[in-house]
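These are my notebook entries on a structure that I looked up piece by piece. Each entry records what I asked of the model and what I found.

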Amino acid sequence: MSTPQQGSALDRLRGLGREVAKFGAVGGVGVLVNLGVFNLIRHTTDLQVVRASVIATVVAIVTNYIGFRYFTYRDRAHTGSSRELPLFAAFSVIGLVIENGVLYTATYGFGWDGPLATNVFKFIGIGTATVFRFWSYRTWVFKALPEAAPASTAAAARGGAGSGESSARAPEPAGK
């Protein structure tokens with residue numbers, strides 16, 4: 001879906017549906033990685049709940065970036081490390097704060113720190129942060145490519161094929 005502003009409302013809705021499905025597939029893998037790493041750390045170390053969660057979230061963020069760049073948003077502009085990675089990292093950190101803020105509040109604010117409770121609130125935090133991440137990634141990080149002008153319109157604008165001139169004419173010398 002490289003041109004989300006084009007087409008009928010139904011076409012745009014279908015494109016958004018495909019984007020949400022791809023985002024969900026990558027996100028689903030990220031959730032499994034996140035919860036798996038979280039529980040592995042919790043059951044094999046003495047780290048506190050939120051610290052274990054932050055580590056698991058960072059591992060999932062790295063996994064998700066690869067999935068988003070090369071699957072979900074592969075048809076979007078590739079702006080590289082100069083723009084895309086810093087924005088992805090910034091929005092991911094905000095998502096990390098949202099996700100782990102929910103867990104922190106449940107654990108330290110309400111005392112809900114049993115194994116089931118921490119997983120439930122970790123999952124709720126992931127869901128809450130996912131809404132923010134979807135919006136921010138598609139709006140700011142993986143921007144849609146600009147619409148390509150139809151060939152006949154572009155040639156006519158150059159004074160080419162539509163005006164009887166060859167579209168492959170040689171450039172004029174710089175001195176004229």
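**Entry 1: Asp113.** I looked up Asp113 and found that this residue is partly exposed, with a relative accessible area of 46%. I note the scale here: buried means under 20% relative accessible area, exposed over 50%, and partly exposed in between, with a 1.4 Å probe and protein chains only. Asp113 is located in the loop between α3 and α4. Helices (H or I, at least four residues) and strands (E, at least two) are DSSP runs, numbered from the N terminus. Not counting residues up to four places away in sequence, Asp113 touches Arg42, Thr107 and Thr118; contact means heavy atoms within 4.5 Å. I also recorded that Asp113 and Leu103, ten residues apart in sequence, are 9.1 Å apart in space, C-alpha to C-alpha.

**Entry 2: the model.** The model is predicted; local features need pLDDT of at least 70 and side-chain atom pairs count only at pLDDT 80 or more, while totals for chains, interfaces and linings use all residues. Residues are numbered from 1 along each chain as its sequence is written, and side-chain values use heavy atoms, with hydrogens and water left out.

**Entry 3: the whole protein.** I listed the elements and found five helices and zero strands. From the N terminus on, they run α-α-α-α-α. Of the 176 residues, 31% count as buried. Among the contacts with a separation of 6 or more, 71% are accounted for by residues 24 or more positions apart.

Entry 4: Is Lys122 buried or exposed? I found Lys122 to be buried, with a relative accessible area of 0%. Lys122 lies in helix α4, residues 115-141. The side chain of Lys122 makes a polar contact with the side chain of Asn34 at 2.8 Å. A polar contact is a pair of N or O atoms within 3.5 Å; within protein, one must be able to donate a hydrogen and the other to accept it, and residues adjacent in sequence count only if both atoms are side-chain atoms. Setting aside residues up to four places away in sequence, Lys122 touches several others, including Asn34, Ser53, Thr57 and Glu99.

I then turned to Glu99, which lies in helix α3, residues 84-109. Glu99 is buried, with a relative accessible area of 1%. Its contacts, leaving aside neighbours within four places in sequence, include Asn34, Lys122, Gly125 and Arg133.

**Entry 5: helix α4.** I listed the buried residues of α4; among them are Thr118, Phe121, Lys122, Gly125 and Ile126. Against which elements do the buried residues of α4 pack? They pack against α1 (9-44), α2 (49-72) and α3. I also looked at Thr139 in α4, which counts as partly exposed at 28% relative accessibility. The side chain of Thr139 reaches the backbone oxygen of Trp135 at 2.6 Å.

**Entry 6: the nonpolar cores.** A nonpolar core is a set of buried Ala, Val, Leu, Ile, Met, Phe, Trp, Tyr and Cys residues joined through side-chain atoms within 4.5 Å. The largest has 14 residues, and those with the most contacts inside it are Phe23, Phe68, Tyr73, Phe88, Tyr137, Val141 and Phe142. At least two residues of this core come from each of α1, α2, α3 and α4. The most, four residues, come from α4. Tyr73 touches Glu19, Phe23, Phe68, Phe134, Arg138 and Phe142, not counting residues up to four places away in sequence. Apart from this core lies another, of eight residues, among them Ile41, Val49, Ala52 and Ala56.

**Entry 7: Leu32.** Leu32 lies in helix α1 and is exposed, with a relative accessible area of 65%. Leu32 and Ala60 are 28 residues apart in sequence, and 8.5 Å separates them in space, C-alpha to C-alpha.
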